[in-house]
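Please keep the structure open beside them and look up each place as it comes.

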Amino acid sequence: MQLTAEQTALLETVRSFAQREIKPIVHTYEAEDRYPSEIVEKMQELGLFGLNIAPEYGGAGVDTVTYALVFEELSAVWMSLAGILGTHGIMAYVLQRFGTEEQKRRLLPRMASGELRGGLGLTEPDAGSDVQNLKTTAVRQGDRYVLNGQKMFITNSRYGSGLLVLARTNPLADKPSHGMSAFIVEHDEQTPGYIVRRPIHKLGYKGVETCELSFEDLQVPQENLVGGEEGHGFAQVMSGLEVGRINVAARAVGVARAAFEEAVRYAQQRQTFGQPIAQHQAIQLLLADMYTQLSAARHLYIDAAEKKDRGQRADLEAGMAKLFASEMCGKVTLDAMRIHGGYGYTTDFNVERYYRDAPLMIIGEGTNEIQRTVIARQLLQRYRV
Amino acid sequence: MRIVVCIKQVIDPEVPPSEFRIDPQKKEAVQGRANLVISTFDECALEVALQVKDKVPETTVTALTFGPKSAEEALRKALAMRADEAVRVDTDRTGRMDPAGVAQVLASTIQKIGGADVVLFGREGADFDSAQVGQMTAEALEMPLITLATEMEAVDKGIRARRHGDDGWSVVEAPTPVALTITNAPVNVPRIPKVKDVMQAHRKPITTMTLDELGIDPAILSEAAPVEMEELFIPEVNNQVTIIEGETPEEKAEKLAQAILALKVL
Ligand SMILES: Cc1cc2nc3c(=O)[nH]c(=O)nc-3n(C[C@H](O)[C@H](O)[C@H](O)COP(=O)(O)OP(=O)(O)OC[C@H]3O[C@@H](n4cnc5c(N)ncnc54)[C@H](O)[C@@H]3O)c2cc1C
């Protein structure tokens, strides 16, 4: 794809930011699993939280393609930062697309500045892939809703200040998905009923917090029911996940690219049997496959994003991009580790981090098994005999 | 206060030496895979101007470049950093242009756009490093010149600048109009533009002028220039290693001294 001058300039900006502000500290933050507050502040100044929010609401209003390219760029330096932006961006997307005008005016400018940093609260202890089975309830009481339930694996739920929560408003709906509604929950440490049970310790994806939450009579003003009408939450959130999957694919390409670039450099420096390992055919085969697959994955996510930008349905493409890119990332990061030999297994090099970050993309935003079922369902419809 | 910052687009000087190529026929560097960027010190000059604007919002900052169409991207970067206006004088030349000719072009343009209170330059281009354009333009505009400045602030009827001297710092003041060449320092590390400004910069107008409109004969840039470039080449570097043998340190030192003398490099 030929980038436009605007895209080139924007990516250049993100790249300089990543090189200057993130690269020097990533190792420390990763090792200490520390939330990068200073960087988040700088991301705010740069305007990254408003990337996909329209200029009339204070954002930069970039399209889906450009947005995904930025995710690739950030993830090539530290994937966790793409996580801080990721579900925030989904929440902004859902609000922008389905929110009432009043909600957009009230919330989007604060999201664009990064003052209100969001997340996405779907998963529960007993409802991950099977999100339709979620138990959290929202009951209308006067001018507010009262939420009760538990959420699991919620990224940005402690250091952020907003969450798009999917809850059940009508247990008797004809289909479970029609009984769900999405709410914007604003919270801070003092919010009664918003309880962070514990941060979850993870293999990778360090720095950014993923927590277990419970809601105990959490009060949400009625104005924060997305779109102002009950029963549409499931569809709204699913539409947001489509963008999320494209961005997860872009993250996977970013991580794999970083792993590849470090491997191809290392292969020319490390000598065995009297020559650089890059001269051994076994290593060349790895390099060729790594780059081929990572390029293919990039094409897939750009294709999905372009479809989305043209206003076409893109769930099949987004699913394929997410599936292929994340599996590719798992493989490429392992191959990058192989090429680094024993050094790749140490924390002196970045590849072990890439390797630990890769599986999240396989599991998050819909596991790859679920992606396959979504893809297959579409294909069976398309090719019905 | 009106500040004009003269910026030049160059091939990224950070390109790895192994990738740097030149075209000996055209006598110019080949872009290859390298990016085109604002010349390093010119970007610092922009930062110095924008810091004045941060403190005194009435300040206007105009970025001015003399270069081909591609140089618009350098101006867009300047606009994204929040320069107010951008002006490009068009040329289709991409190789070296004579500094005296360039100075004449810049001086005429600055006069044509209504003059300036302060004109800023990078201390030298990040390509040929001739360090002449600032001085010559100041001369053509009959402005006093402060060289190697790192910071500047607006004061009553003029500016105060901190400059890097041979044996330390000096703080100087000058009435406007005045010209300065800027050198890099931690205080003028160029800001990273905000993403919104990057997007908006691509929708802002760029004023374009031609040498014709300025009444300048393009020949002064090369054919009729006082300096002609005869040849452009990458110097060949030969690394040779000689190991000095010897029983004692004294003996080795003696042999080393002899070897150095024999090379006639001292
Ligand atoms: C680090 C991290 C961050 C996360 N952040 C968030 C967040 O911010 N917000 C949020 O809401 N969620 C978040 N999640 C949750 C994530 O989306 C879920 O973990 C994911 O959807 C899988 O759900 P589960 O863990 O309950 O697995 P399960 O649904 O229990 O799946 C277990 C296994 O069964 C397979 N499986 C399940 N159903 C089927 C089927 N029908 N056919 C075939 N195979 C099936 C799955 O593919 C998987 O292999 C996060 C997860 C992690 C690990």
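1. In this predicted model, chain A is built with 10 helices and nine strands. Along its principal axes, the C-alpha trace of chain A spans about 80 × 55 × 40 Å. Its radius of gyration is 21 Å, which agrees with the value near 21 Å that a compact globule of 385 residues would have.

2. Of its 385 residues, 56% count as buried, and among the contacts with a separation of 6 or more, 74% are between residues 24 or more positions apart. Chain A exposes about 16,500 Å², and carbon and sulfur atoms supply 52% of that area. As for charge, the chain carries 41 positive and 47 negative side chains, with the centres of the two sets lying 4 Å apart.

3. Is A138(A) buried or exposed? This residue belongs to strand β2, which covers residues 137-141 of chain A, and A138(A) counts as buried because its relative accessible area is 3%, under the cut-off of 20%. If neighbours within four places in sequence are left aside, A138(A) is in contact with Y145(A), V146(A), L147(A), A167(A), R168(A), T169(A) and F183(A). By way of scale, the C-alpha atoms of A138(A) and Y343(A) are separated by 52 Å, and these two residues are 205 residues apart along the chain.

4. A backbone detail of chain A deserves a look on its own. D217(A) is not a glycine, and yet its phi is positive, at about 50°. You will find D217(A) in strand β7, which is made of residues 210-221 of chain A.

5. Of the 266 residues in chain B, 42% are buried. When contacts between residues at least 6 apart in sequence are considered, 72% of those in chain B join residues at least 24 apart.

6. The accessible surface of chain B comes to about 14,800 Å², and 51% of this belongs to carbon and sulfur atoms. The side chains of chain B include 29 positive and 43 negative ones, and the centres of these two sets lie 7 Å apart.

7. How many residues of helix α2 in chain B are buried? The helix, which runs over residues 72-80, is mostly covered, with seven of its nine residues buried. These are E72(B), A74(B), L75(B), R76(B), A78(B), L79(B) and A80(B), so the list contains charged residue types, E72(B) and R76(B), as well as alanines and leucines. After α2(B) comes R82(B), whose phi is positive, near 95°.

8. D167(B) lies in the loop between β10 (158-165) and β11 (168-175), and D167(B) counts as exposed because its relative accessible area is 79%, over the cut-off of 50%.

9. K264(B) is not a glycine, but its phi is positive, at about 55°. With a relative accessible area of 73%, K264(B) is exposed.

10. The last point concerns the place where the chains meet. The size of an interface is often given as the accessible area lost when the parts come together. Chain B and chain A bury about 1,300 Å² between them, and 66% of this is on carbon and sulfur atoms. Which residues of chain B lose the most area to chain A? They are I192(B), V195(B) and M199(B), which together make up 48% of what that side buries. In terms of contacts, 13 residues of chain B touch 18 residues of chain A.

Methods: Residues are numbered from 1 along each chain as its sequence is written. Chains are lettered from A and ligands numbered from 1 in the order in which they are written. This is a predicted model: local features need pLDDT of at least 70, side-chain atom pairs count only at pLDDT 80 or more; totals for chains, interfaces and linings use all residues. Side-chain values use heavy atoms; hydrogens and water are left out. Helices (H or I, at least four residues) and strands (E, at least two) are DSSP runs, numbered from the N terminus. The radius of gyration is taken over C-alpha atoms; the globule rule is 2.2 Å times the number of residues to the power 0.38. Buried means under 20% relative accessible area, exposed over 50%, partly exposed in between (1.4 Å probe, protein chains only). Contact means heavy atoms within 4.5 Å. Accessible areas come from the Shrake-Rupley method with a 1.4 Å probe; for residues, only the protein chains shown count as cover. The place of a charge is taken as NZ of Lys, CZ of Arg, CG of Asp or CD of Glu. Buried area is the accessible area (1.4 Å probe) that two parts lose on being put together, summed over both.
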